[in-house]
Amino acid sequence: VVGWKLGRRRRKVVRMPKKRLPKTFDCPECGKTGTIGVNIAPKNPLIIAKCGECAKEVVKEFLGDKEIAFECQNEKCPNYKQTISLVRPFSGNVIIAECGKCHGKTLLQLPLEDAPINCSCEPQKQVRLSTRPAERVATLICGSCALTCYLLATPADEPVDIYGKFLDRYYGKR
Ligand SMILES: [Zn+2]
Ligand SMILES: [Zn+2]
Ligand SMILES: [Zn+2]
């Protein structure tokens with residue numbers, strides 16, 4: 001068989017109906033409909049560096065694109081106000097952690113739990129790093145009355161979930 005030509009088969013475009021989640025809600029305080037708006041602000045995960053001398057922790061927000069310098073804040077520590085570690089993003093969830101003393105570097109994969117920067121300092125004096133996941137703060141405001149509510153949001157929370165949590169709290173109080 002010569003000259004077989006495979007025509008491009010037309011695919012039928014199946015449109016999945018997008019679930020429309022509500023963005024405005026009714027206010028139980030003033031009784032108006034659709035006056036409550038929910039805003040969820042994302043927060044960055046945290047990186048915690050434990051000083052190799054005094055074991056005090058320094059907590060910083062991990063911005064994902066900038067180098068972060070950790071300085072010991074403990075006045076009694078020989079590392080006071082000195083950079084104990086530098087952390088910068090490498091790729092994806094991998095970071096480069098640098099020792100502030102000997103400048104040895106380690107690649108570490110997030111999340112971290114008490115991971116030492118394997119540098120040339122004594123193992124007991126190596127800075128140890130941990131991470132804490134991001135927390136999101138949701139603000140719920142009624143545009144008609146003075147009602148304002150702040151709630152902690154999980155990574156999966158949509159405005160409708162926040163509104164549900166708010167209602168639980170609102171009616172639970174009474
Ligand atoms: Zn210290
Ligand atoms: Zn070191
Ligand atoms: Zn209201």
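**Zinc site, ring cluster and sheet**

The 4 donor atoms around the zinc ion (ligand 2) subtend angles of 107 to 115°, so the arrangement is tetrahedral. For four donors, that label needs all angles between 85 and 135 degrees. Keep in mind that this is a predicted model: local features need pLDDT of at least 70, side-chain atom pairs count only at pLDDT 80 or more, and totals for chains, interfaces and linings use all residues. Residues are numbered from 1 along each chain as its sequence is written, chains are lettered from A and ligands numbered from 1 in the order in which they are written, and side-chain values use heavy atoms, leaving out hydrogens and water.

**Zinc site**

- Cys 99, Cys 102, Cys 119 and Cys 121 each give their SG to the zinc ion (ligand 2), 2.3 Å from it.
- Donors here are N, O and S atoms within 2.8 Å of the metal (3.2 Å for Na, K and Ca); water is not among the atoms, so sites may look incomplete.
- Along the sequence, the donor residues follow the spacing C-x2-C-x16-C-x1-C.
- Distant parts of the chain are linked by Cys 102, in the loop between strand S7 (94-99) and strand S8 (105-109), and Cys 119, in the loop between strand S9 (115-116) and strand S10 (128-132), 17 residues apart.
- Cys 102 is partly exposed at 28% relative accessible area, while Cys 119 comes in at 12% and counts as buried.
- The cut-offs: buried is under 20% relative accessible area, exposed over 50%, partly exposed in between (1.4 Å probe, protein chains only).

**Aromatic rings**

- Searching the whole structure turns up 4 aromatic pairs.
- Rings of Phe, Tyr and Trp (its six-membered ring) pair if their centres lie within 6.5 Å; planes under 30 degrees apart are stacked, over 60 edge-to-face, and the rest tilted.
- One of the pairs, Phe 25 with Tyr 163, is stacked, at 4.4 Å centre to centre and 15° between the planes.
- That pair links strand S1 (residues 24-25) to helix H1 (residues 159-173), across 138 residues.
- Both Phe 25 and Tyr 163 are buried.
- Phe 166 and Tyr 170 make a tilted pair, with 5.6 Å centre to centre and 45° between the planes.
- Phe 166 and Tyr 170 are separated by about one helical turn because they sit 4 residues apart in helix H1.
- Ring pairs tie Phe 25, Tyr 163, Phe 166, Tyr 170 and Tyr 171 into a cluster.

**Sheet**

- An open sheet of 4 strands runs in the order S4-S3-S10-S9, with antiparallel pairing.
- Strand S4 (57-61) and S9 are the edge strands, each pairing on one side only.
- S9 and S10 are joined by 2 bridges; strands pair if DSSP finds at least two bridges between them.
- Helices (H or I, at least four residues) and strands (E, at least two) are DSSP runs, numbered from the N terminus.

Conventions:
Four donors count as tetrahedral if all angles lie between 85 and 135 degrees; four count as square planar and six as octahedral if opposite donors are over 155 degrees apart and all others between 65 and 115; anything else is irregular.
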